[in-house]
Amino acid sequence: MVNIGNDWDVILGGEFKKDYYLKLRAFLAREYRTGTIYPDMYDIFNALKYTPYSEVKSVILGQDPYHGPGQAHGLCFSVLPGITPPPSLKNIYKEIYDEYGTPMPEGGELTGWAKQGVLLLNTVLTVRAGMANSHRGMGWEILTDKIISLLNEREQPIVFMLWGANARQKTALITNPSHLVLTAAHPSPLSAYNGFFGCGHFRKCNEFLSANGGQEINWQKTV
């Protein structure tokens, strides 16, 4: 079964025994055996591996993994070392630069954010090569909704950054007044100018964390 290697194992242990997850696991076994699936099966749960439940400061929610070769590695918006940042990530970098005036790295790997407490969670954790949303509705959403609900239960304040219509739907799961929910347009080139640019989310996140006794995130430290 799944072995994440931190407190998520206890918190989510029951989910991995439920019928929906066992069906999802059987589906994934067939998919990985018969086709090209991203990310690598050993990277599926990297968001949870890099960011333990007890250390989450902020959640950035993506949709499903990049479906091109060598990109996805289990963290939303992040790509493997040596891969050019995709357009959405370039726009995220642009917004951070506009907020802080500090140049961003050339690479697109975001493990540095994850290690600082930013849970980079996609709502669907796998995808077929070249086929966006191909694993949608297979059970991943049940698990990732549970993850959001469990984070909602935490007393320690968390900043949820929800970009785009799909992410904003998760607002209904975040009912705890201790947390901050920030919503904006998706950073993709198709929508970034409709409210993502100028949203101020990265600075607002840090101001909220600081005001609640937490440590700010160094957004320039991506690895």
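Student: What share of the contacts in the protein chain with a separation of 6 or more comes from residues 24 or more positions apart?

Tutor: First, a caution: this is a predicted model. Now the share. Residues 24 or more positions apart account for 66% of those contacts.

Student: How many helices and strands does the protein chain have?

Tutor: There are 8 helices and 6 strands. Next, read their order along the sequence. The pattern is α-α-β-α-β-α-α-β-β-α-β-α-β-α. The chain is as compact as a globular protein of its length, because its radius of gyration is 17 Å, close to the 17 Å that the globule rule gives for 223 residues.

Student: What box do the C-alpha atoms fill?

Tutor: Along the principal axes, the box is roughly 45 × 35 × 30 Å.

Student: What percentage of the residues count as buried?

Tutor: The figure is 54% of the 223 residues. The chain exposes about 10,100 Å². Carbon and sulfur atoms supply 52% of that area.

Student: Which residues of helix H8 are buried?

Tutor: Start with the general idea. An α-helix has 3.6 residues a turn, so residues three or four places apart point the same way. Now the case here. H8 covers residues 201-211, and its buried residues are His201, Phe202, Cys205, Asn206, Phe208 and Leu209. Seen down the helix axis, they fall within an arc of 160°, so they line one face of H8.

Student: What do the buried residues of H8 pack against?

Tutor: Their partners include strands E2 (58-62), E5 (159-163) and E6 (180-184). Helices H4 (87-100) and H5 are also partners. Just after H8, look at Gly213. Its phi is positive, about 80°.

Student: Is Gln116 buried or exposed?

Tutor: Compare the relative accessible area with the cut-off. Buried means under 20%. Gln116 has 16%, so it is buried. It lies in the loop between helix H5 (111-115) and strand E3 (118-122). Leaving out residues up to four places away in sequence, Gln116 touches Lys57, Glu216, Ile217, Asn218 and Lys221.

Student: Where is Tyr32, and which residues is it in contact with?

Tutor: Tyr32 sits in helix H2, residues 19-34. At 17% relative accessibility, Tyr32 counts as buried. Set aside neighbours within four places in sequence. Tyr32 is then in contact with Ile37, Tyr38, Pro39, Asp40, Met41, Ile44 and Thr126.

Student: How many residues apart in sequence are Tyr32 and Met161?

Tutor: They are 129 residues apart. In space, their C-alpha atoms are 31 Å apart.

Key:
Residues are numbered from 1 along each chain as its sequence is written. This is a predicted model: local features need pLDDT of at least 70, side-chain atom pairs count only at pLDDT 80 or more; totals for chains, interfaces and linings use all residues. Side-chain values use heavy atoms; hydrogens and water are left out. Helices (H or I, at least four residues) and strands (E, at least two) are DSSP runs, numbered from the N terminus. The radius of gyration is taken over C-alpha atoms; the globule rule is 2.2 Å times the number of residues to the power 0.38. Buried means under 20% relative accessible area, exposed over 50%, partly exposed in between (1.4 Å probe, protein chains only). Contact means heavy atoms within 4.5 Å. Accessible areas come from the Shrake-Rupley method with a 1.4 Å probe; for residues, only the protein chains shown count as cover. The arc is that of the directions from the helix axis to the C-beta atoms.
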